[in-house]
Amino acid sequence: MHESSERLQKLPPYLFIEIDRLKREARSKGHDIIDLGVGDPDLNTPEFIIDELNRQARIQINQRYALDQGIPELRQEIARWLKMRFNIEMDSATEILPTIGSKEAIAHFPLAIINEGDLALIPDPCYPPYKSGVLFAGGEFELMPLRAENSFLPDLSKLSEGSLTRAKLLYLNYPNNPTSACATKGFYEDAVRIAKKYNIIICSDLAYSEMTFDGFTPLSIMQINGAKDSAIEFHSLSKTYNMTGWRIGFAYGNKELIRLLSKVKANIDSGVFQAIQYAGIRALREGAATVEKNLAIYKQRRDILVEGLQSLGYELQVPQATFYLWIKVPRPYTSADFCMKLLREAHIVVTPGNGFGPSGEGYFRIALTIDSKRLPQVIERMRKIKL
Ligand SMILES: *Cc1c(COP(=O)(O)O)cnc(C)c1O
C-alpha cells in the first residue's frame with residue numbers, strides 16, 4: 001500500500017462521495033435522476049469557436065509547445081476586453097497571463113507567495129481550490145463565514161489584528177459560488193484598504209462576471225482605486241462561453257504578482273494549447289451575442305425554479321448573477337440528510353451546502369444546468385416528498 005503525503009491528508013473531507021455513490025446506485029436501478037448538482041453548463045460551445053479551433057489545430061506551429069506567457073494576440077485581446085467590459089487598463093505584456101482554466105491558476109498561485117505556516121483568509125462556504133491551493137503550499141487558512149444577515153459578504157471588521165497581521169492572502173469571489181451573492185463597491189473598497197494597510201494580497205475570483213440577470217453589472221476589483229497594488233484577479237472563459245472542458249482562463253493585476261504566478265507555472269505546465277488560445281480570442285471578440293442568448297435561457301430556468309420553490313415554502317433569494325440557487329434546508333434536516341432524502345425520494349441531485357465549508361451547513365445548492373422543460377417536474381417531485 002502506498003500512503004498519501006501529509007499534504008493530501010490535510011485536505012478537507014470530500015463530502016460529495018456519498019451523494020455520488022447514491023446517484024450511481026439510483027441510476028443503476030433505472031431511476032430517472034434529475035441532476036441539479038453540477039456547476040457545468042449543459043449548453044454547447046458556440047460553433048464559431050469550434051470552427052476556429054479546427055482551423056488553428058491544423059496549423060503546425062500551434063501543435064508545438066505554446067509560449068508560457070501565451071500568444072501576444074490573446075493577451076492583447078484580453079486587455080481590450082477588460083477595457084471594454086470594466087474600463088480598466090491592463091498592460092498586455094506584464095499585467096495579463098493566460099491560464100489553463102482559472103482553477104489551476106487559483107490553486108498554483110499560493111506556491112508563489114505562501115511559506116510554511118503562512119496564513120490565508122478564505123470565505124466559507126467557498127470554491128474548494130482556495131483551500132487546497134493554500135494547503136498544498138504549506139499554508140494554513142482561517143475561514144471567514146459568509147452569512148445571510150451580511151449579504152454573504154465576509155465581515156472584514158471581525159478579523160482579528162493578529163490574523164490580519166499574519167495573513168498573506170485574502171480570497172474573494174463575487175458573483176459568488178455557491179451563494180450567488182454579489183459584492184458592492186464599498187465592500188471592495190474596504191477590502192483594498194485593509195489589504196494595503198496589512199500588506200495582504202487579494203485573490204479575486206471573477207469567474208461569474210458575465211453570468212448576470214436583470215441588467216446587473218458586477219465590478220472587477222481592478223476598478224477600485226489602488227487595487228492594482230495588492231490584487232490579482234482570476235477570470236475564465238469556462239462558464240461564459242460554455243467552454244469548461246477547453247481549459248482556458250486568465251489572470252491579471254499587479255505585475256509582480258503576475259510575474260510570480262508565471263514563474264510557478266513555467267515550472268509546472270507548458271501553457272494553453274495554442275489553437276485554444278486563438279479560439280479564446282474569437283470567443284472574447286465575438287461571443288457577446290451567444291452570452292446574451294444563454295443568459296435568457298438561464299434566466300427562464302431561474303424564474304421557474306425560484307417561483308416553484310418559493311410556492312413550496314423554501315427560503316431563497318433571487319440571484320442577480322451565477323447559475324446557482326442557494327436555498328435554506330427545511331427544518332429539522334441537516335444539509336446532508338436533506339440532500340440524501342431528495343435523492344432517495346425524489347431522484348433529484350442537489351449539492352449539500354456544507355460540502356463548500358462548515359458555514360454552508362443549513363443550505364443546499366441548485367445549479368441551473370437542466371433544460372427548462374424538466375423543471376416543473378423538479379417542483380412536482382419536491383412537492384411530494386414528506387418533510
Ligand atoms: C467554475 C468556477 C471557476 C472556473 O473554473 P475553470 O478552471 O476556469 O473552469 C472558478 N471559480 C469558481 C468559483 C467557479 O465556480
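For these entries I took a pocket as an open set of points, on a 1 Å grid over the protein atoms alone, with protein on both sides within 12 Å along at least five of seven lines; lining residues have an atom within 4 Å of a point. Volume is the space filled by probe spheres (1.4 Å probe) set on the points.

The model is predicted: local features need pLDDT of at least 70, side-chain atom pairs count only at pLDDT 80 or more, and totals for chains, interfaces and linings use all residues. Residues are numbered from 1 along each chain as its sequence is written, and side-chain values use heavy atoms, with hydrogens and water left out.

Largest pocket. I noted a volume of about 1,100 Å³. Its lining has 46 residues, with Phe-16, Lys-103, Tyr-127, Pro-128 and Phe-356 closest to the centre. I sorted the lining by class and got 22 nonpolar, 14 polar and 10 charged residues (Ala, Val, Leu, Ile, Met, Phe, Trp, Tyr, Cys and Pro count as nonpolar, Asp, Glu, Lys and Arg as charged, the others, Gly among them, as polar).

Which elements supply at least two residues each? I found helix 2 (17–28), helix 5 (102–113), helix 6 (129–136) and strand 11 (351–352). Helix 6 gives the most, four residues. Helices (H or I, at least four residues) and strands (E, at least two) are DSSP runs, numbered from the N terminus.

Second largest pocket. I noted about 360 Å³ and 16 lining residues; Phe-152, Thr-179, Ala-181, Leu-316 and Gln-317 lie nearest the centre. The lining divides into nine nonpolar, five polar and two charged residues.
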